[in-house]
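My entries follow in the order in which I looked things up.

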Amino acid sequence: MSNSGPEYLIYRDLRRKILQGQIHDGERLVETALAASYQASRLHIKSALRLLEQEQLARHIPQCGFAARGLDEEAFGEIIELRIALERVVFARLAEKASQEQVAHLSKIVRRVAAFLSTDMLEDAMEEVDDFYSYAYEISGLNRITAILQTYGDYLKIIRRRSASDAARNEASLRILQALVGALEKRDAAEVLRQVERRRDESD
């Protein structure tokens, strides 16, 4: 299936709405209503709903169609563990291969995070954190791992934003980013991995 086909675009939009809570757990996803809303065929809607079902964001109820399936704490916990496992590989690669210019760019992003946090511009700070990790994934050259992390990017943004109103947690997260960049500058792979492991605390 093409990533630009109508069913994929519908799937992405419904996925976003479920993850952001605009569509609630248990809410019915009625094919005819969705077809009218998206001006799409029921075949495209059914394909989009099947994609959501594969991702466990929707469930098929015999004789009733589909219903949205929200995320519980267990699901978030699994995603956090997946992120940590994959980021260990990503940042170990960066400790070995990242150029000085690439690490300098990561450091510049972290400085912007600090500047936004110091002026209580939380949403801007979160955008910079998203940019930090997106850039780190990109320059790792680990395309398959990056694709998985990008698939779960929406989940990771939700996890980060759930704790964004906690000033102490924001400061702790900033210190982790600063220590991570410092370890990359020194090519200290062991310290890089230690800082990646500390990221679990961001979501506790």
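This is a predicted model: local features need pLDDT of at least 70, side-chain atom pairs count only at pLDDT 80 or more; totals for chains, interfaces and linings use all residues.

Entry 1, the hairpin. I looked up β2 and β3 and found that they form a hairpin with three residues between them, where helices (H or I, at least four residues) and strands (E, at least two) are DSSP runs numbered from the N terminus. In the turn I noted Gln63, which has a positive phi of about 75 degrees. Strand β2 covers residues 58–61 and strand β3 covers residues 65–68, and I recorded that they pair in the antiparallel sense over four bridges; two strands count as paired if DSSP finds at least two bridges between them. Opposite Ile61 I found Gly65 in β3.

Residues are numbered from 1 along each chain as its sequence is written, and side-chain values use heavy atoms, with hydrogens and water left out.

Is Gln39 buried or exposed? Gln39 counts as exposed because its relative accessibility is 76%, given that buried means under 20% relative accessible area, exposed over 50%, and partly exposed in between (1.4 Å probe, protein chains only). I then turned to Arg187, which is not a glycine either and has a positive phi of about 60 degrees. Arg187 sits in the loop between α9 (167–185) and α10 (189–198), and with a relative accessible area of 38% Arg187 is partly exposed.

I recorded 10 helices and three strands for the protein chain, and from the N terminus on I read the order of elements as α-β-α-α-β-β-α-α-α-α-α-α-α. Along its principal axes the C-alpha trace spans about 60 × 35 × 30 Å, and of the 204 residues 42% count as buried. Among contacts (heavy atoms within 4.5 Å) between residues at least 6 apart in sequence, I noted that 70% join residues at least 24 apart.
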